[in-house]
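Subject: the model you asked for

Hi,

Here is the structure, pasted in below.

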Amino acid sequence: MCGIVAAVTQRNIISFLLERIQRLEYRGYDSAGLALINQNNNFIRVRCVGKVNELIKKTKNKKLFGKIGLAHTRWATHGKVSEENTHPHISSNIAIVHNGIIENSFQIRSFLEKKGYIFYSDTDTEVIVHLLHWEQKKTGKSLLEIMHYSLMKLKGNYSMVVMDSKNSSKLIAVCSGSPLIIGLGAGENFIASDQIALLGVTKHFIYLKEGDIAIVKLKKIKIFNQNNCIVQRKIIESDIKYEYIKKGKYKYYMEKEIYEQPKSIRNTLKNRLKDNKTIYFPELGKKETNIFLHLEHIHIVACGTSYHAAMVAKHWFESLANIPCDVEVASEFTSRKLAIRRKSFFVTLSQSGETADTLMALRISKKLGYLGNLTICNMKSSSLVQESDSYLLTKAGVEIGVASTKSFTTQLTVLLMLVAKIVSIKKKEDNIEKKIVKILTVLPYRIEEILKTKKAIQNIAKKLYNTKNMLFLGRNDQYPIAMEGALKLKEIAYIHAEAYPCGELKHGPLALIDKDIPIIIIAPKNSLLEKTKKNIQEICTRGGLIYVFSDEEINLEKNITCLKVPYVEEIIAPISYVIPLQLLAYYIALSKGTNIDQPRNLAKSVTVE
Ligand code: G6P
């Protein structure tokens, strides 16, 4: 959570900071602030509650100037949303922006209060900056010299950037618990939480490793590792295109990302399907093949939308590969005493690769005797990829809308390939891999067809946007899709929505049915459709308001609206059927006028437990 941008340059950087911190709003948007060091070596700080647009308005006529500075967009954890709690925080000559949580902040705060420090905020970040100031004052040493020692006193996560107004030639970046990257410019250098903030000024990045402290000057970068030894970190050339982060003709990123799905699935499949019959993962080697051969169980752990993708994969692993699979929400995995299945393989699933609960689950899993672990992730540079034994990239491209869309469908694409790969390595069934390759080849075309339901969905959305509650029903591998549909609606349209397996309706939720609760039923034409029709009938007889999404015309009663979904092969039906649900949530939210890309209280990358 929280976004950080900092720069040391030879030009006025106010507009740079404002523009670039806005790109990181997906990491939090409760409040925003920046600080510069001016020509007189004083700090200038501007902060405001709300989005970066407010900060832009507040700085507009101020003629601010500074060649070195830092900016922050906040997702509140310690302390309510207020200007006082907004970063940067300052202690005399030191300014800081921070991403993370200091677990022992109360003890350090009371120590510092006894030393006479006055706290203006409720944040744990202000504790860090006063601690640094105290150490500096006590020892008379430079900020860098006291940094390593001071950090040892902090427990928790503290990726941060610090600057000293008495020494305005450098920024100090500390990477612990959340990503920080250095962007290398020509005679200027930058720091940010994510490379997308810096695209356009540089393509060359250094990803700081856990425990690194970096000194960033105009033309020089020095990095110390957690043992305080100077290290060289690899410079990576980014292949992310700047266009990815532009909205183009779309009103919201989420809309763009929904319509981008055929393309992102094609990217995900590229160079991975061979000769129309085999799946090839260049990222995996002999070690993984050996594990796949011997594994008897798969345990997938994830959060949010990624968790729903994992739930679909459970159906595939069990029905296509005959491999038992358990799926768990990461925060539950990390909260209970675990008993591990025999020859179990641990898989994490994450768009960002930074979700704290998932990362913690991976770390715990390493002590538990799994055969090994793999992460399926969209971000190669992420902590999950760095810390996992092996990884598969989803290649969805940058996803900016807080509510996940193309990440979900590309995760499912990779998961289905993985199922096929494992089946073929285990020589369980010869035809499955070939069959899946064939089906995956047509998947992008199927999605293109499904996206054409837009008009019909818009019509449904017009009828539903005033509703207060909604139910989503699905059976078997469509139950997780119902959950994903309900989640999308909650996230962006703020409508209470619940998902149920079709057959479970009669065990309680049927009591809710009346003409005011719209019920979305996902009912593809398959061997289970007859059963689902019975559920539809049960709801009809109780006067429920039904919307069926199916490739069969279902008009059992007049209170049914049927959305005719184009044909799709049964195995990939979950990937297809989520699309109309994404569109439905999107168009309902659009009619309601919510901020679709940045829904209230949420953040895209949740780096706190
Ligand atoms: C947050 C986001 C969700 C996302 C979840 C898991 O809650 O708002 O859209 O599904 O985190 O994120 P991950 O990056 O691990 O997939």
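Helices (H or I, at least four residues) and strands (E, at least two) are DSSP runs, numbered from the N terminus. Keep in mind that this is a predicted model, where local features need pLDDT of at least 70 and side-chain atom pairs count only at pLDDT 80 or more, while totals for chains, interfaces and linings use all residues. Residues are numbered from 1 along each chain as its sequence is written, and side-chain values use heavy atoms, with hydrogens and water left out.

**Around β10**

With that in hand, the bridge partner of isoleucine 181 in β10 is alanine 192. That pair belongs to β9 (residues 181-184) and β10, which are joined by four bridges in the antiparallel sense. The two make a hairpin with four residues between them, and glycine 187 in the turn has a positive phi of about 70°. β10 also pairs with β1 (residues 3-8), again antiparallel and over four bridges; there, alanine 6 sits opposite isoleucine 191.

Is β10 (residues 189-192) covered on its faces, or which side chains are buried there? Both faces are covered: Asn189 and Ile191 on one side, Phe190 and Ala192 on the other, are all buried. Buried here means under 20% relative accessible area, exposed means over 50%, and partly exposed is in between (1.4 Å probe, protein chains only).

Seven strands form an open sheet in the order β5-β6-β7-β8-β12-β13-β14, with antiparallel pairing. Its edge strands are β5 (89-91) and β14 (230-231), each pairing on one side only. Inside the sheet, five bridges connect β7 (residues 159-164) with β8 (residues 167-174), and methionine 163 is opposite leucine 171 in β8. Helix α5 (residues 143-151) packs on this sheet, touching β6, β7, β8, β12 (213-216) and β13 (221-224), and its direction makes about 150° with that of β7. Helix α4 (residues 124-139) lies across β5, β6 (94-99) and β7, at about 140° to β6. The angles run from 0 to 180 degrees between N-to-C directions, with axes as lines fitted to C-alpha atoms, for helices over the stretch in contact.

**The parallel sheet**

Another open sheet has five strands in the order β19-β18-β20-β21-β22, and its pairing is parallel. β19 (325-329) and β22 (390-393) are at the edges with a single partner strand each, so one side of each has no neighbour in the sheet. Neighbouring strands here are turned by 20° against each other on average, direction ignored. β18 (residues 297-302) and β19 share five bridges, and valine 301 is opposite glutamate 328. Helix α11 (residues 356-365) packs on the sheet against β18, β20 (344-350) and β21 (373-377), with its direction at about 165° to that of β20. Helix α13 (residues 406-425) packs there too, touching β18, β20, β21 and β22, and makes about 145° with β21.

**The ligand**

The ligand is surrounded by 14 residues, of which the closest are Ser306, Ser350, Gln351, Ser352 and Thr355; a residue counts as near if one of its heavy atoms lies within 4 Å. An N or O atom in the side chain of serine 306 is 2.6 Å from a ligand oxygen. Backbone N or O atoms also come in: one of threonine 305 lies 3.0 Å from an oxygen atom of the ligand, and one of alanine 603 lies 2.9 Å from a ligand oxygen. The protein covers 90% of the 390 Å² of accessible area that the ligand has on its own. Those areas come from the Shrake-Rupley method with a 1.4 Å probe; for residues, only the protein chains shown count as cover.

A polar contact is a pair of N or O atoms within 3.5 Å; within protein, one must be able to donate a hydrogen and the other to accept it, and residues adjacent in sequence count only if both atoms are side-chain atoms.

**Threonine 59**

Threonine 59 is in helix α2 (residues 52-59) and is buried, with a relative accessible area of 6%. Its side chain reaches the backbone oxygen of isoleucine 56 at 3.0 Å. Leaving out residues up to four places away in sequence, threonine 59 touches Ile14, Leu18, Val46 and Leu64.

Most residues other than glycine have a negative phi, and most peptide bonds are trans. The bond from histidine 87 to proline 88 is cis, with omega near 0°, and proline 88 is in the loop between β4 (68-74) and β5. Asparagine 41 has a positive phi of about 60°; it sits in the loop between β2 (31-37) and β3 (43-49) and is partly exposed at 36% relative accessible area. Asparagine 271 has a positive phi near 60°, lies in the loop between α7 (261-269) and β16 (273-274), and is exposed at 61%.

Cheers

Note on methods:
Two strands pair if DSSP finds at least two bridges between them. Contact means heavy atoms within 4.5 Å.
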